[in-house]
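The following paragraphs lead through a structure, beginning with the place where its chains meet and moving on to selected parts of each. Please keep the sequence and the model in view while reading.

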Amino acid sequence: MIYLDNAATTLQKPAAVYRAAERAMLTLASPGRGGYPAAMAAAEEAYRCRETAAALFGMREPERVVFCMNATHGLNLAIKALVRPGERVVISGYEHNAVLRPLHALGTRIRVAAAPLFDPAAAAEAYARELRQGASLAVVNHVSNVFGCIQPVEEVAALCRERGIPLVVDASQSAGILPLHPEEWDAAFVAMPGHKGLYGPQGTGLLLCGRQPGSRPIRTLLEGGSGSDPRRPDMPDWLPDRLEAGTLNMPGIAGLRAGLDFVRRMGPSDILDHEQRLVSLAAELLGANPRLRVFAAPDKALQGGVLSFQVTELDCETAAERLAQRGFSLRAGLHCAPLAHDTAGTGERGTLRMSVSVFTRESHVRRLAKALENL
Amino acid sequence: MQDAYIGLRSLTYAQRAARFLSGLGIPANAARAPWSGGCAYAVRLRGGDRKAALARLREAGFVPGRIYLREADGSIREAEP
């Protein structure tokens, strides 16, 4: 099998990740639930994971690294902490349903800062236009899970700082490859999965918590045991306890730390360079096939490790099924991001998406291009 | 030698405080607080200068809570900061 669905999850992980998760299952109890060695060993593992993430993302306080189940969980925590029904929220034209659905469920007024694909200047201008009219929150998808287009987070963050508007960054496809600077951005929250570009197990995610607007404690999504101040009826005011009700996923967290260590050793910029070279090669090879419509950036620096395309006379699901029969794992359809397709004009058919990882090889891309010639 | 326990609001906070003190060369680790009253965590100082450790913690913005000493016979008593 040639696995090219890394935007969904990186199926192939460093061996250290499997070993760490197994070791955790065998030896770690629950952090914050006792003072005996297995509980304190779990606490140490959890803290080391927070420290590693904080170091990778330039966070001074490891307690601002909150564990969650995935990016969707983190985005729900962030969005529901910050906005109320009827409030105006500005988002990019490439948001995932992990952003759209919580905003819809809350009954917010959603304003889309729409911009063409691979045009960060237009995206920044669209945010400026919308934010000038005021907003309770801005959300930006750092890298589109459909098209890989990189959004101008720095510019959007600057606009939010000027206007005192809280910012949430969806780093689902950028964590592990692009520099994330939550403190420099002054982002209220940055959410990311642990199981994609950070190479951790599924069921893991991180929510990086910045300065919160106002003086009240963050609104919670879940309440329960936190291992601290048990007599108070509400959740503790402090992080991470406030947002971490219930038992932590220690096998996941141990595996995630091994994944984070792997990313730090490899270097996010080298991983990005590898992924951009592969996407650029795929764009060139697939672009030479007259049966394909390829959505590639004019400059490879504007695109992460994701490339969408369509087969002109085949629907995407059929094309993906035929590729699967030939041993290629790609995702087809709307990729849980209908807004991105509406913005890019692919909403009727959706796309086929190939997404790469550090384990993807040039030969994999060449074999996919060959298979598409005879599909 | 007495161990001193400096109460802190959470396990994670105690862990950060312990890392901070260790970085200053003051032997410390996060530990379950030995007093009753539910889940509570502390920085445990293995000997050393308790008052100096407290001063460093306060300078760094930590907010220490109750302080207890464990005597050589295993008994626990509250101490003045």
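In this predicted model, 22 residues of chain A are in contact with 15 residues of chain B, contact meaning heavy atoms within 4.5 Å. Local features need pLDDT of at least 70 and side-chain atom pairs count only at pLDDT 80 or more, while totals for chains, interfaces and linings use all residues. Residues are numbered from 1 along each chain as its sequence is written, chains are lettered from A in the order in which they are written, and side-chain values use heavy atoms, with hydrogens and water left out.

The size of an interface is often given as the accessible area lost when the parts come together. Between chain A and chain B the buried area (the accessible area, with a 1.4 Å probe, that two parts lose on being put together, summed over both) is about 1,500 Å², and carbon and sulfur atoms give 54% of it. Three salt bridges are found across this interface; the term requires a side-chain nitrogen of Lys or Arg within 4 Å of a carboxyl oxygen of Asp or Glu. A:E44 forms a salt bridge with B:R19, with 2.9 Å between the closest N and O atoms.

Within chain A, A:S92 lies in strand β3 (residues 88-92); strands are DSSP runs of E with at least two residues, helices runs of H or I with at least four, numbered from the N terminus. A:S92 is buried, with a relative accessible area of 0%. Here buried means under 20% relative accessible area, exposed over 50%, and partly exposed in between (1.4 Å probe, protein chains only). Beyond its neighbours within four places in sequence, A:S92 is in contact with several residues, including A:V112, A:Y127 and A:L339.

Strand β3 is also among the elements that cover the buried residues of helix α4 of chain A. This helix, residues 97-106, is mostly covered, as seven of its ten residues are buried. A:G107, with a positive phi near 75°, follows α4.

Turning to the rings, the structure holds eight aromatic pairs over all chains. Rings of Phe, Tyr and Trp (its six-membered ring) pair if their centres lie within 6.5 Å; planes under 30 degrees apart count as stacked, over 60 as edge-to-face and the rest as tilted. A:Y199 and A:F359 form an edge-to-face pair, 5.9 Å centre to centre with 85° between the planes. Because A:Y199 lies in the loop between β7 and β8 and A:F359 in the loop between β13 and α12, the pair ties together parts 160 residues apart in sequence. A:Y199 is buried, with a relative accessible area of 1%, whereas A:F359 is partly exposed, at 26%.
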